[in-house]
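Here is a note for a colleague who is meeting this structure for the first time. The points go from terms and overall form to single residues.

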Amino acid sequence: MLSDPIFILGVLACFAVLIILMIGIGSFAKGGEFNRKHSNRLMRYRIIAQAGAVIIIVGYAYYRSRGGN
């Protein structure tokens, strides 16, 4: 599994979602100018990254269920 590039891409996509989420939650908690300017944009980026991660994970599961190595 760890040698499969699609699996690695899925893991990296999940980490990207986590990083964006942590930055967004941190900015909500801190407040201030950065939060006012970028909070909605960060959450939109999170949703896009999360959708990409789900697509990659579902694609990987489908590929493996069809007998992919």
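1. Contact, as used throughout this note, means that heavy atoms lie within 4.5 Å of each other. Helices (DSSP runs of H or I, at least four residues) and strands (runs of E, at least two) are numbered from the N terminus. This is a predicted model, in which local features need pLDDT of at least 70 and side-chain atom pairs count only at pLDDT 80 or more, while totals for chains, interfaces and linings use all residues. Residues are numbered from 1 along each chain as its sequence is written, and side-chain values use heavy atoms, with hydrogens and water left out.

2. On overall form, the chain has two helices and zero strands. Of the contacts between residues at least 6 apart in sequence, 56% join residues at least 24 apart.

3. For burial, a residue is called buried under 20% relative accessible area, exposed over 50%, and partly exposed in between (1.4 Å probe, protein chains only). By that rule, buried residues make up 22% of the 69 residues in the chain. The chain exposes about 5200 Å², of which carbon and sulfur atoms supply 70%; these areas come from the Shrake-Rupley method.

4. Helix 1 covers residues 5-30, and its 26 residues reach 37 Å from the first C-alpha to the last, close to the 38 Å expected at 1.5 Å a residue, where the expected span is 1.5 Å times one less than the number of residues. Gly31, whose phi is positive, near 75°, follows helix 1.

5. Which residues of helix 1 are buried? They are Gly10, Ala13, Val17, Ile20, Gly24 and Ser27, and what covers the buried residues of this helix includes helix 2.

6. Together with Val11, Phe15 and Leu18, Met22 makes a nonpolar surface patch of about 370 Å². Patches are made of residues with over 30% relative accessible area and no salt bridge, and they join like charges within 9 Å or nonpolar side chains (Val, Leu, Ile, Met, Phe, Trp, Tyr) within 5 Å.

7. In helix 2 (residues 32-65) we find Asn35, which counts as buried at 16% relative accessibility. Leaving aside residues up to four places away in sequence, Asn35 touches Ser27 and Phe28.

8. A salt bridge is a side-chain nitrogen of Lys or Arg within 4 Å of a carboxyl oxygen of Asp or Glu, and by this rule the count comes to one. The side chains of Glu33 and Arg36 form a salt bridge, at 3.3 Å from N to O. Glu33 and Arg36 are three residues apart in helix 2, so about one helical turn separates them. An α-helix has 3.6 residues a turn, so residues three or four places apart point the same way. Glu33 is partly exposed at 45% relative accessibility, whereas Arg36 is exposed at 62%.

Definitions and conventions
Accessible areas come from the Shrake-Rupley method with a 1.4 Å probe; for residues, only the protein chains shown count as cover.
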